[in-house]
Amino acid sequence: MRHPFVFSACIAGAIMVAGCAPKPSDEETVERAFQDVNVVDETNLSEVMLTVTDPNEAISYYQRTLQSSPDRIDLRRGLAASFVRAKRFTEAASAWEKVTELKDSTSEDSVNYADALIRSGDWDKAEKVLDTVPPTYETFKRYRLEAMMADANEEWKKADSFYETAIGLTTTPAGAFNNWGYSKLTRGDFAGAEKLFGQAIRQDTTLFTAKNNLVLARSAQRKYTLPVVPMTQSERAQLLHTMALSAVKQDDIQTGKSLLRDAIDTHPQHFEAAVRALEALERSG
């Protein structure tokens, strides 16, 4: 059953309460309106700062804005992320540490802190930070860092498991395949590395690092032919150069010389590095 009289009384009471409140001045109304607009503008500007702006300009923006809003965690995250973009990794680690100390910090913040620590070379502290992240927090970045940490500790089985998990959590696994391949390369598992670099290139045909690593893995097995992967003429010359240096390192000197000549002939411009390498080999006999 409806109660119109009670409802009317409630409305009347609300009006009376509102009537008791002091009416804001025109100046206060205008100030409140501008404050609301500033919040929206700052949010949009912060998004811009994280994407298209020069990272050092973004750092200045966040440092300036934090002076008036020191407790805003979004600004502190923006500052930390901008330090990473600017490759100022020691400062980034310090900034992410401050983020993790705030009450609204998340597991993602801790992972970003560990990432900055690894980039700055503080692997021991990064491992301790990663250990604080609950196992239920499962993201690509978390497992990629765990894999890198396992690599650093030469815990190969753990590394393989973490890389495999990380790849299953992303739609762009080329970089992770490349890192996993490099892990296999450092262990001396050249055939395994070759397969993983091939998978990286299939995921991203523009990833030259993976192409170069693939040539290294093949050369370590004395496979001195270029793999069948997409490459520009300039990339072909550079890969021939990499293969030549690998051959020389394994005392396959004549093969190395031949590959250097191919690299020089293939490059669309003057290939100074290959020319110098070949001249040095010719002088040494």
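Helices here are DSSP runs of H or I with at least four residues, numbered from the N terminus.

This is a predicted model, in which local features need pLDDT of at least 70, side-chain atom pairs count only at pLDDT 80 or more, and totals for chains, interfaces and linings use all residues. Residues are numbered from 1 along each chain as its sequence is written, and side-chain values use heavy atoms, with hydrogens and water left out.

A pocket is an open set of points on a 1 Å grid over the protein atoms alone, where a 1.4 Å probe fits, with protein on both sides within 12 Å along at least five of seven lines; lining residues have an atom within 4 Å of a point. The second largest pocket has a volume of about 160 Å³, volume being the space filled by probe spheres set on the points, which are joined across faces, edges and corners.

The largest pocket has a volume of about 210 Å³. Its lining consists of Leu 185, Phe 190, Leu 216, Ser 219, Ala 220, Leu 245, Ser 246, Lys 249 and Gln 250. Here α12 (208–220) and α13 (233–249) are the elements that give two or more residues. Domain 1 (155–223) and domain 2 (231–284) each supply at least three residues of this lining; the domain bounds come from an automatic or database domain assignment.
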